[in-house]
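The following note sets out several points on the structure shown below.

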Amino acid sequence: MDSRRLATTETDETDADESADRALLRGLVNFLVAVALVCSLALGTALFAPQLIDGIGLEGDVSPSSDAPPAGERNPNVTDPDDPGNSSYETDVEVVSSATVEDFVHAEVNERRAEHGLEPIVWDGTIASVARAHTEDMADRDYFAHRNPDGEGPYDRFQDVDNYCPGYGENIAKTWLDRPVGRPDGDGIVRHRTAEGLATGLVNQWMNSTPHRQAILEEGDTPSWDRAGVGVYITDGGEVYAGQNFCRES
């Protein structure tokens with residue numbers, strides 16, 4: 001019997017009173033008979049989310065981003081109708097484009113996978129479109145979760161887009177551009193001012209949290225992924241919402 005599996009994890013660089021990182025794993029099975037049985041396991045991590053720290057300049061020299069390695073297809077045949085497209089924010093170093101950040105995040109994730117002997121995960125533009133629509137929705141409706149205020153989760157988002165992904169997982173993250181934040185490993189302060197630096201910071205968030213890292217490295221109960229896509233949304237105020245969705249065919 002075919003099965004569906006969901007692994008969802010989230011990480012947030014928050015204000016001082018929002019220091020807890022949460023992660024969620026959900027399982028969905030028996031989709032051939034149109035019955036979704038949901039089995040969920042909530043995992044609390046020992047990682048304290050990095051803090052937003054006001055009053056610290058960090059005005060050292062920062063070089064502009066290098067050329068981002070193109071992740072893949074940007075105009076797939078199937079897209080989420082709520083995909084906002086590109087968003088951007090200008091720092092004193094460069095204009096940070098969400099599409100460029102997505103390219104860097106995808107490349108960085110594959111570098112981390114290679115360090116653990118894993119093959120690169122293939123980019124999928126439709127999956128990226130679904131992830132991007134969700135990150136914009138989080139920003140627009142001011143929430144940070146796998147499920148939106150209407151109770152819809154990743155399963156619903158993929159089902160609404162041509163039933164695109166039989167089995168899926170999701171990592172989400174939140175941070176800021178041009179504002180000092182604590183590093184996810186607790187070692188000092190960083191101020192993201194470039195697309196490349198921001199992407200590294202987002203991946204570092206995930207890699208410093210066990211369930212997020214397991215999703216990327218296919219460890220623990222995480223299945224092997226066939227492809228993935230990254231969606232980033234940047235608000236006018238420099239707030240950044242990011243998601244990486246993973247997919248497997250069966």
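1. Buried means under 20% relative accessible area, exposed over 50%, and partly exposed in between, with a 1.4 Å probe and protein chains only. By this definition Arg 193 is buried, with a relative accessible area of 6%. Arg 193 is found in the loop between strand S9 (189–191) and helix H4 (195–207). Helices (H or I, at least four residues) and strands (E, at least two) are DSSP runs, numbered from the N terminus. The side chain of Arg 193 makes a polar contact of 2.8 Å with that of Asp 92. A polar contact is a pair of N or O atoms within 3.5 Å; within protein, one must be able to donate a hydrogen and the other to accept it, and residues adjacent in sequence count only if both atoms are side-chain atoms.

2. On the source: this is a predicted model, in which local features need pLDDT of at least 70 and side-chain atom pairs count only at pLDDT 80 or more, while totals for chains, interfaces and linings use all residues. Residues are numbered from 1 along each chain as its sequence is written, and side-chain values use heavy atoms, with hydrogens and water left out.

3. Strand S7 (residues 167–176) is largely enclosed by the rest of the structure, because 10 of its 10 residues are buried. In a regular strand the side chains alternate between the two faces of the sheet. Here Gly 167, Gly 169, Asn 171, Ala 173 and Thr 175 point one way, and Tyr 168, Glu 170, Ile 172, Lys 174 and Trp 176 the other way. Strand S7 runs antiparallel to strand S11 (residues 239–248), and 10 bridges join them; two strands pair if DSSP finds at least two bridges between them. Trp 176 stands opposite Glu 239 in S11.

4. Lys 174 lies in S7 and Glu 239 in S11, so the pair ties together parts that are 65 residues apart in sequence. A salt bridge is a side-chain nitrogen of Lys or Arg within 4 Å of a carboxyl oxygen of Asp or Glu. The structure holds 14 salt bridges.

5. Which cysteines does a disulfide join? A disulfide, a pair of cysteine sulfur atoms within 2.5 Å, joins Cys 165 to Cys 247, with an S to S distance of 2.1 Å. Cys 165 lies in the loop between H3 and S7 and Cys 247 in strand S11, so the pair ties together parts that are 82 residues apart in sequence. The torsion about the S-S bond is about 130°, so the disulfide is right-handed.

6. The structure holds 2 aromatic pairs. Phe 158 and Tyr 168 form a tilted pair, 5.8 Å centre to centre with 35° between the planes. Rings of Phe, Tyr and Trp (its six-membered ring) pair if their centres lie within 6.5 Å; planes under 30 degrees apart count as stacked, over 60 as edge-to-face and the rest as tilted. At 1% relative accessibility, Phe 158 counts as buried. Trp 225 and Phe 246 form a stacked pair, 5.2 Å centre to centre with 20° between the planes.

7. Arg 112 and Glu 108 meet in a salt bridge of 2.8 Å, N to O. Being 4 residues apart in helix H1 (residues 98–115), Arg 112 and Glu 108 are separated by about one helical turn. Both Arg 112 and Glu 108 are buried.
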